[in-house]
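Q: I would like to learn how to read a protein model. Please take me through it one feature at a time.

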Amino acid sequence: MVSSITRTQSNIRGLSVTESHNCEIGLEENLAFSLISLPATPLFGTDGIRGKVGELLNAPLALQIGFWTGVVLRNYAGETRPVILGQDSRNSSDMLAMALSAGLTAAGIEVWYLGLCPTPCVAYLTSMSDAIGGVMISASHNPPEDNGIKVFGADGAKLPQALQAEIEAGLRGKLAVAGGMSCGRHYSRPQLVSEYSQALKQPLQNYGNLQGMKIVLDLAWGAAVGLAPQVLMEMGAEVICLHNAADGDRINVECGSTHLDILQAAVKEHHADIGFAFDGDADRVLAVDNTGRQINGDYILYLWGRYLQQQQQLPDNLIVSTVMANLGFERAWQQQGGKLIRTAVGDQYVQAEMLRTGGMLGGEQSGHILCRHYGFTGDGLLTALHIANLVKQSGVSLSELVDQSFQTYPQLLKNVRVVDRDRRLGWKDCQPVQDAIALAEAAMGDSGRILVRASGTEPVIRVMVEAADAELTQHWTSELVAKVQQHLA
């Protein structure tokens, strides 16, 4: 994809600028700047730093995250270049954006602030500009009282764990900055979002448009409220929108990709061809077919994989997914001559495995889908466009495509709330829970599988059981949930 993003600082005259006087920050000030109260457990989870605003996340911490992110990105790049900053619609996002920008500029970094935009917009613009990194303020699908900070490298990929560890070392007073540095400046650059919009549409121009398709969008009161309807209408679709205002009090509340019932009803009511539900920052999407049936990431990967396979655009017929991927999906894909590699849960792990293997398609059951032909991060809007195009090109309905794909194995996922962070992250040390898992695995043998893990984005432990027999799935899920509640909650 070709971008016209400005690549030199000499062309930014006329933009809205927050000026800062030149200043010097010395070593002693840097060390004092880092001393704050932090939990003993790691700050970075599977999707950045996330927590309840006013508890883990507050302005002083965001200020210092901005500072040490700027220091680490600058040191890694070997030079000082801009950092791109965006946010979702949460009420706390403005506060965190200003604090992060203050920290970044204190580290001598120039900030290009996009305002409200999807997470993949930040990732794309970072990769296509002269930026040394990007930062997105969002807690994705979490409730309004939560927020988060996601950091991207210059390539638009999630920041490697080694660099995350350096940022955290700075926050814990274990990293020093030698010498002084000049303060950076803050530029408001919302017009760059249109570059991302054009990049989304450009690859589909050769296929015509989506004219004749009726599509329902659930925008979750979040980051894609303005962009997603505009892009799909420009591609020719008739668009019906739900929860389509930027509302920080209601983002993700009983809507979006974690609550599909309203979208299902709307698709049936309007006799639509397809429905798409985004999460709060639009880096993931789930679909609803024309009958109102939920279509998760496993089906999206299978259908897109088959399409790319037929176009001879899927090297080694490889799809990268996670341990959550359904066995029915895996075995059906193998029957098509395909190969499925599983990673730990989290799109950063999928992304890393795609890089390692040369895979071009990967993602998660929850709707994070990555297709390296068009980008290199989970992108709900990009996925929606390509699935809609796939349905249009097939000449049949989405429900028919799904019926021709595979049958899922019964899979049950339960979340057990564990507020204590140390107990949650240290759940593997709980012997009664480990004994219960071993008993369940021995009982099921090859007929099922179990996955227990601490969420990297919410204060819960997730218990998943999958088996060919639904009663077996229900029984062992109940047994394991009871053990987790008894010994950890």
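Q: Into which domains is the protein chain divided?

A: Domain bounds come from an automatic or database domain assignment. Here the protein chain is divided into domain 1 (49-188), domain 2 (198-404) and domain 3 (411-488). This is a predicted model, where local features need pLDDT of at least 70, side-chain atom pairs count only at pLDDT 80 or more, and totals for chains, interfaces and linings use all residues. Residues are numbered from 1 along each chain as its sequence is written, and side-chain values use heavy atoms, with hydrogens and water left out.

Q: What distance separates the centres of domain 1 and domain 2, and how many residues does the contact take from each?

A: Taken over C-alpha atoms, the centres of domain 1 and domain 2 are separated by 27 Å. The contact takes 24 residues from domain 1 and 30 residues from domain 2. Contact means heavy atoms within 4.5 Å.

Q: How do I read a sheet, and what is the strand order in the open sheet of 5 strands?

A: Strands of a sheet pair through backbone hydrogen bonds, either parallel or antiparallel. Two strands pair if DSSP finds at least two bridges between them. Helices (H or I, at least four residues) and strands (E, at least two) are DSSP runs, numbered from the N terminus. In this model the open sheet of 5 strands runs in the order β10-β9-β11-β12-β13, and its pairing is mixed. The edge strands, β10 (238-242) and β13 (294-295), each pair on one side only.

Q: In which sense do β11 and β12 pair?

A: β11 and β12 pair in the antiparallel sense, over 4 bridges. Gly 275 stands opposite Val 288 in β12.

Q: What is a nonpolar core, and which residues touch the most other members of the largest one?

A: In soluble globular proteins, nonpolar side chains tend to be buried together. A nonpolar core is a set of buried Ala, Val, Leu, Ile, Met, Phe, Trp, Tyr and Cys residues joined through side-chain atoms within 4.5 Å. Buried means under 20% relative accessible area, exposed over 50%, and partly exposed in between (1.4 Å probe, protein chains only). The largest nonpolar core has 72 residues, of which Ile 215, Phe 276, Phe 278 and Trp 304 touch the most other members. This core draws at least three residues from each of domain 1 and domain 2. Apart from it lies another core, of 36 residues, among them Leu 56, Leu 73, Ile 149 and Leu 163.

Q: Where is His 386 placed, and which residues is it in contact with?

A: His 386 lies in helix α12 (residues 380-394). Leaving aside neighbours within four places in sequence, His 386 is in contact with Leu 204, Trp 304 and Tyr 374. His 386 counts as buried because its relative accessible area is 6%.

Q: Where does UniProt place the feature "binding site"?

A: UniProt positions are given in the numbering used here, feature names are shortened, and annotations may be inferred rather than shown by experiment. The unreviewed UniProt entry places this feature at Ser 140, Asp 279, Asp 281 and Asp 283. These positions are spread over 144 residues of sequence but cluster in space, with a largest C-alpha distance of 7.7 Å.

Q: Is Asp 279 buried or exposed?

A: Asp 279 is buried, because its relative accessible area is 1%. Asp 279 is found in the loop between β11 (274-278) and β12 (285-288). Its contacts, leaving aside neighbours within four places in sequence, include Ser 140, His 141 and Asn 252. Asp 283 is found in the loop between β11 and β12, and at 2% relative accessibility Asp 283 counts as buried. Not counting residues up to four places away in sequence, Asp 283 touches residues including Asp 47, Ser 140 and Lys 150.

Q: What is a salt bridge, and how many does the structure hold?

A: A salt bridge is a side-chain nitrogen of Lys or Arg within 4 Å of a carboxyl oxygen of Asp or Glu. The structure holds 19 salt bridges. In one of them, the side chains of Arg 50 and Asp 47 meet at 2.9 Å, N to O. Arg 50 is buried at 8% relative accessibility, and Asp 47 is buried at 6%.

Q: Which parts of the chain does the pair Asp 130 and Arg 81 link?

A: The side chains of Asp 130 and Arg 81 meet in a salt bridge of 3.4 Å, N to O. The pair links distant parts of the chain, 49 residues apart: Asp 130 is in the loop between α4 (119-128) and β6 (133-137), and Arg 81 is in the loop between α2 (59-77) and β4 (83-87). Asp 130 is partly exposed at 29%, whereas Arg 81 counts as buried at 16%.
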